Amino acid sequence: MATVVMTSLDAKSRAASRGMSDISIRNLFIIPTILFLIVFNIFPLIYSLGYSFTDFRASSNARANFVGLQNYRELLNDTFIWSNFAITAKYVIVSVTGQVIVGFGTAMLLNRDIPLKGLLTTLLLLPMMLSMAVVGLFWKLLYDPSFGIINYALGLGSFEWLSNPDMALYAVAITDIWMWSPFVMLLSLAGLSAVPKHLYEAAAIDRAGPFYTFFRITLPLVAPILMIAIIFRTMEAFKTFDLAYILTSQPTTEVISIRLYKMAFQEWQTGRSCALAYIVLIMVLAITNIYVKYLNKVKER
């Protein structure tokens, strides 16, 4: 019965009365989606690739001249651009590491029978459901040296978080950790719930300690799904813009996305900014490829 339903139309249905086949109905749903992706994703991608080889400026009516790989050479030889990449790398390491520690630790605590577990899990997921702009403005108030609750809770007096060049990047990373640790927690919780209980029972019979159980049973079995969370969060952290732009304007927090924004929409170096965007894209793909290869090795164990 299920096969008939999936492969043929009801003779009394409206689609059948119009002479529409299953393939026609499938195309009716798929083709608009494909066209949408081509118009809003693939076409701008190819269009910007062409501009990356020119000296085009969106603020000028001058004709774009083909300059070949000049934009790429200048960007790769620019020490300020590499400084932005270094800031981004530092931010990614701090942010993603914090998210994995907090998210996975919270999942370990929730992976047991506790009262109101469902409600507690839902409340912990709220930060990732908020808008980036809302989170940025909210934490900007929390970091305020005059009336911010963070300084009051930690007893730091009028400590400057966002205007301190040495602490501003860490302040942005802490905000990102607060917002996206629930994402890592959710995936980790799914992985922990899938670990067979009989393995823990066998370990308890063999009198295995908690550290042995964690490193020999829990972590190896949860590692693949944890790696997936790390891949997604690394890609997003590498492209971060909203939080850093809203929270502070310190040079030490100018991640590569902010440098790209300034180059494209403040300096109007459109061709050069397109080249920088492709350099960022290639780096993200390279990092992701490394993660995926490591993920495949983890799955083979």
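How many of the 301 residues of the protein count as buried? The share is 35%, where buried means under 20% relative accessible area, exposed over 50% and partly exposed in between, with a 1.4 Å probe and protein chains only. This is a predicted model, in which local features need pLDDT of at least 70 and side-chain atom pairs count only at pLDDT 80 or more, while totals for chains, interfaces and linings use all residues. Residues are numbered from 1 along each chain as its sequence is written, and side-chain values use heavy atoms, leaving out hydrogens and water.

**Overall form**

- The protein has 15 helices and zero strands; helices (H or I, at least four residues) and strands (E, at least two) are DSSP runs, numbered from the N terminus.
- Its radius of gyration, taken over C-alpha atoms, is 25 Å, well over the 19 Å that the globule rule gives for 301 residues, so the protein is more spread out than a compact globule. The rule is 2.2 Å times the number of residues to the power 0.38.
- The C-alpha trace spans about 75 × 75 × 40 Å along its principal axes.
- Of the contacts (heavy atoms within 4.5 Å) between residues at least 6 apart in sequence, 66% join residues at least 24 apart.

**Helices and annotated spans**

- UniProt, in an unreviewed entry, places the feature "transmembrane region" at residues 28–47, 91–111, 118–139, 167–192, 213–232 and 275–292; such annotations may be inferred rather than shown by experiment.
- Residues 28–47 are 100% helix, with end C-alpha atoms 28 Å apart.
- Residues 213–232 are also 100% helix, and their end C-alpha atoms lie 27 Å apart.
- Helix 5 (residues 79–110) has 32 residues and should span 46 Å at 1.5 Å a residue, which agrees with the 46 Å between its end C-alpha atoms. The expected span is 1.5 Å times one less than the number of residues.
- At the start of helix 5, a side-chain oxygen of Asp78 comes to within 2.9 Å of the backbone nitrogen of Phe80.

**Loop residues**

- Thr240 sits in the loop between helix 12 (210–238) and helix 13 (242–247). Thr240 is buried because its relative accessibility is 8%, and it touches Tyr91, Val255 and Ser257, leaving aside residues up to four places away in sequence.
- Most residues other than glycine have a negative phi.
- Leu116 has a positive phi near 55°. Leu116 lies in the loop between helix 5 and helix 6 (117–124) and is exposed, at 63%.
- Trp268, also not a glycine, has a positive phi of about 55°. Trp268 lies between helix 14 (256–265) and helix 15 (270–300) and is partly exposed, at 33% relative accessibility.

Technical notes. Polar contact = N/O pair within 3.5 Å; in protein donor to acceptor, adjacent residues only side chain to side chain.
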